[in-house]
Amino acid sequence: MSDLNVGDAIPELKVTPDKYLPHRYAGASGDFNPIHIDPEFAKAVGLPNTILHGLYMMGLVARANAEAIGGGDPRSLKRLSVQFRGMGAPETEIVVSGTVKSVEGDTVVIDTVAAQGDNETIRNAEAELQL
């Protein structure tokens with residue numbers, strides 16, 4: 001994408017994690033916190049059900065930006081900062097969207113949000129990519 005301008009939207013990334021994704025992610029990440037994999041435990045601590053790992057959600061933000069600007073190459077992502085603001089749920093579509101904040105030479109900065117419906121799980125995310 002060489003014709004980027006401030007205010008341009010990046011293509012949305014839409015993902016619906018299946019109910020077993022937290023189990024697979026726990027195995028890959030080593031984070032076996034029962035709020036992610038045990039529905040009874042999650043409910044006992046006041047959650048409606050199990051929740052997605054925050055770093056899984058952050059990974060989707062990174063992926064959306066790399067696919068939109070870097071042609072899918074994760075090496076194009078030079079910096080990523082996020083604010084975790086909500087809990088994500090399995091079996092509910094996640095939509096990652098973003099808007100170009102700045103373009104300087106071959107460096108693009110994108111403001112990004114990850115949401116499930118009205119629940120913005122990640123806000124104020126900023127990705128810096130090199131074209």
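Contact here means that heavy atoms lie within 4.5 Å of one another, and by that criterion helix H4 lies across strands E1, E2, E3, E4 and E5, running at about 45° to E5. The model is a predicted one, and its chain has four helices and five strands. Read from the N terminus on, these elements follow the order β-α-α-α-α-β-β-β-β.

**The chain as a whole**

- The C-alpha trace of the chain spans about 50 × 30 × 20 Å along its principal axes, and buried residues make up 37% of the 131 residues.
- The accessible surface of the chain comes to about 7,100 Å², and 50% of that surface belongs to carbon and sulfur atoms.
- Of the contacts between residues at least 6 apart in sequence, 63% join residues at least 24 apart.

- The five strands form an open sheet in the order E1-E3-E4-E5-E2, with antiparallel pairing; strand E1 (13–15) and E2 are the edge strands, each of which pairs on one side only.
- On average, and with direction ignored, neighbouring strands of this sheet are turned by 20° against each other.
- As a general point, strands of a sheet pair through backbone hydrogen bonds, in either a parallel or an antiparallel manner.

**Strand pairs and the hairpin**

- E1 and E3 run antiparallel and are joined by three bridges, and in this part of the sheet Lys14 stands opposite Val95 in E3.
- E3 and E4 also run antiparallel, with nine bridges joining them, and the bridge partner of Ser97 in E4 is Val113.
- The hairpin of E3 and E4 has two residues between the strands, and Gly105 takes a positive phi near 65° in this hairpin.
- Strand E4 (residues 107–116) pairs with strand E5 (residues 119–130) in the antiparallel sense over nine bridges, and Val109 stands opposite Glu128 in E5.

**Asn65, in helix H4**

- Asn65 has its place in helix H4, which covers residues 54–69, the helix that lies across E1, E2, E3, E4 and E5.
- Asn65 counts as buried because its relative accessible area is 0%, whereas the cut-off for a buried residue is under 20%.
- Residues up to four places away in sequence not being counted, Asn65 touches Ile10, Gly70, Ile110, Thr112, Ala127 and Leu129.

**Thr92, in a loop**

- Thr92 lies in the loop between strand E2 (77–84) and strand E3 (94–104).
- Thr92 counts as partly exposed because its relative accessibility is 34%, a class that takes in values between the limits of 20% for buried and 50% for exposed residues.
- With its neighbours within four places in sequence left aside, Thr92 is in contact with Val15, Thr16, Pro17 and Gln116.
- Thr92 and Asn65 are 27 residues apart along the chain, and their C-alpha atoms are separated by 21 Å.

Terms used: Residues numbered from 1 in each chain as written. Predicted model: local features only at pLDDT ≥ 70, side-chain atom pairs only at ≥ 80, totals over all residues. Heavy atoms only, no water. Buried < 20%, exposed > 50% of the residue type's maximum accessible area, 1.4 Å probe, protein only. Areas by Shrake-Rupley, 256 points an atom, 1.4 Å probe, with all protein chains shown as cover. Pairing = 2+ DSSP bridges. Axes fitted to C-alpha atoms, helices over the stretch in contact; angles between N-to-C directions.
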